[in-house]
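My notes follow in the order I made them.

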Amino acid sequence: MTNRSTIAVAMMLAVATQAQELSRKVKTPRENYPNVDVIYDSVTAPDGNRLRTIVTKPRDTKGKLPVIFVAGWLSCDSVEAPPGTKDASGLVFQSLARLPQFSLFRIDKQGVGDSEGSCAENDFESELAGYRAAFRALNKYDFIDANRIYILGISNGGGFAPLVPESEAEQAQVRGYISVGGWVKTWFEHMLEIERRRFMLIGKSPGEVTDRINGAVTLYYEWLIKSRTVDDILKDRPQLAEVWAGGKDHAHLYGRPPAFYQQLQKLNLAAAWSRVKAPTLALHGQFDWIMSREDHELIAADVSRNGTDAFAYEVPQMGHTFQHFLSLADAFKGREAPFDPKVIGLLTDWLMKEGVTHAGNRERWQAMDTFGSGDWHRIRGGRLPRGDHAFERSTSAFRGRAVRDAVLSHGDCARSGWQQADNSQTETRKRERSLQMITNEVAFVAIAVSDAQRARKFYQETLELKPTHTAMEGAWVEYDLGPTTIGVGCHPAWKPSHDGTTVAFEVDDIDAAIAKLKQRGAEFDIEKIETPVCWMAQFRDPDGNKLLVHKRKRK
């Protein structure tokens, strides 16, 4: 072949390639950042539509980089973050795009941005198929390590994120999940919860809220589960028109068609999250009126069933997806306060610790202590059936106020993970102040120890307690005794005390128990004493914590 022929063939191939490129539809300028290449590419979904992908590549990259893969929201808004954007999610994307240690991969769903198709008529299964095609396309980039994928799921994507990697091999490629404003219950449950909040926020009285919820139960059951059209439902029950969230548009809700939501209703996200074996961070905004706090607790609890680090947090003054609000009322009305860049630090610190430095839990908490004292809320894990002998998972270990400087020191407990949990009141809880503060249950009793392994040997061998749940890589162990849980936790800033709380263990034969404990080396500082209602004797664990053996007298 002559040089002239070679050039002609090359030109023809270039023209053909250019013809296949996805055309630019939007008028905003493309993203650009110093020292970062921004690649506007595309992937073809199974339905034949070409979808816009936006990939960042830090310049001067050596070797392959971990990638942040974004699973986006429900609405038909683009994930592109053009210069000058004031959108909170866009500002987060711009910061993630500038990370020199990561690539950032985003995809616009069908009909959004430059992508082909119709978002308003596209169903969820087609949308998910597009995300899966994009996930598999990560393998074609020579600068991306497709075995180090971190999925950032936002809103709806914060729920379906674990469905994106379809096969077991693909699931193994994911090294971490961040769910922001996500969900895990059924969509029917979600609709009832969001509608209750909506009715309250528009000023309906408690009685009116209940009446409307009763109507919503019927409406959304018929629509989501029985797959009836809204017009058909309202023909039979016209009074339900006032509870339909879509107003006069009966063919769409939040800009999406009925099939989209009916397919969401069929998902079992609890099962999907329960299969996750990668570290997970579930973030719920204090003023997120769209998704519930409990969903994030459940995500963390489901993931931690596998022994995986999974934590849920309530982020102060954050709305549904990174917005900054000063009150729940402001969030409902969309009155944003200036963007708070601390949420960016929250994400990047977690990503750096998981994807780059591979820090232990102690370092993760230090990195994530972004908001300062009184701002973080540790959300406890969802309570699982007691028959599982495993409840209060993931974030159950530490409720109430923890020490702010817990992450700053080292010691035998460096593998444990704590975060302060200042229980400041939010607006949504003000109405509960008149209720009883303490319920009729003790959630758990916590004992601080300095050496996790030594404590485990003492409590499980000397005291013969059976562990029912282990978390924080062994730094927190729970023992169920009847209706009470005793938690033994190890952290450098949580110090054992000779003068602290005392735990009393009920025994059948106190004399036999004392003899057995002494035989095993337990030191008693108060021998058996008698009171009008009991006998008891005090001894110490290896850290000097006070413990009692106790025997009630028969009445």
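I call two residues in contact when heavy atoms lie within 4.5 Å. With that set, I went to glycine 215. Leaving out residues up to four places away in sequence, glycine 215 touches Leu240 and Val243.

**Ground rules**

This is a predicted model, where local features need pLDDT of at least 70, side-chain atom pairs count only at pLDDT 80 or more, and totals for chains, interfaces and linings use all residues. Residues are numbered from 1 along each chain as its sequence is written, and side-chain values use heavy atoms, with hydrogens and water left out.

**Whole chain**

I looked up the secondary structure. The chain has 16 helices and 17 strands. Helices (H or I, at least four residues) and strands (E, at least two) are DSSP runs, numbered from the N terminus.

Next I checked burial. I use buried for under 20% relative accessible area, exposed for over 50%, and partly exposed for in between (1.4 Å probe, protein chains only). By that rule, 52% of the 555 residues are buried.

The chain exposes about 25400 Å². Carbon and sulfur atoms supply 51% of that area. Areas come from the Shrake-Rupley method with a 1.4 Å probe, and for residues only the protein chains shown count as cover.

I also checked how far contacts reach along the sequence. Among contacts between residues at least 6 apart, 71% join residues at least 24 apart.

**Back to glycine 215**

Glycine 215 sits in helix H7. Its relative accessibility is 11%, so glycine 215 counts as buried. Tryptophan 244 is 29 residues away along the chain, yet the two C-alpha atoms are separated by 9.3 Å.

**H6 on H7**

How do H6 and H7 cross? The axes of H6 (residues 187–201) and H7 (residues 206–225) come within 10 Å and cross at roughly 150°. H6 is therefore roughly antiparallel to H7. Axes are lines fitted to C-alpha atoms, for helices over the stretch in contact, and angles run from 0 to 180 degrees between N-to-C directions. Under 35 degrees is roughly parallel, over 145 roughly antiparallel, 65 to 115 roughly perpendicular, and the rest oblique.

The H6 and H7 crossing is right-handed. That term applies if the near helix is turned clockwise from the far one by less than a right angle; anticlockwise is left-handed.

I listed some of the residues that meet. H6 brings, among them, Trp187, Phe188, Met191 and Phe199. H7 brings residues including Val209, Ile213, Tyr220 and Leu224. The contact of H6 with H7 divides into 14 nonpolar, no polar and 3 charged residues. Here Ala, Val, Leu, Ile, Met, Phe, Trp, Tyr, Cys and Pro count as nonpolar, Asp, Glu, Lys and Arg as charged, and the others, Gly among them, as polar.

**H9 and its partners**

H7 also meets H9. Their axes come within 8 Å and cross at roughly 90°. That makes H7 roughly perpendicular to H9. Trp223, Leu224 and Ile225 in H7 meet Pro258, Tyr261, Gln262 and Gln265 in H9. This contact has 5 nonpolar, 2 polar and no charged residues.

I then looked at H3 (residues 124–137) against H9 (residues 258–265). Their axes come within 8 Å and cross at roughly 75°. H3 and H9 are therefore roughly perpendicular. Phe124, Glu125 and Glu127 of H3 make the contact with Phe260, Gln263 and Leu264 of H9. I noted 3 nonpolar, 1 polar and 2 charged residues in the contact of H3 with H9.

**Positive phi**

Most residues other than glycine have a negative phi. I noted two with a positive value.

Aspartate 60 has phi near 60°. It lies in the loop between strand S2 (50–58) and strand S3 (65–71). At 72% relative accessibility, aspartate 60 is exposed.

Serine 227 has a positive phi of about 60°. Serine 227 is in the loop between H7 and helix H8 (230–236). At 42% relative accessibility, serine 227 is partly exposed.

**Helix H15**

Is threonine 462 buried or exposed? At 14% relative accessibility, threonine 462 counts as buried. It is found in H15 (residues 452–462). Its contacts, leaving aside neighbours within four places in sequence, are Lys457, Leu517 and Arg520.

At 30% relative accessibility, arginine 456 is partly exposed. Beyond four places in sequence, arginine 456 touches Glu461, Thr470, Gly474, Val477 and Tyr479. Arginine 456 and proline 467 are 11 residues apart in sequence and 9.0 Å apart, C-alpha to C-alpha.
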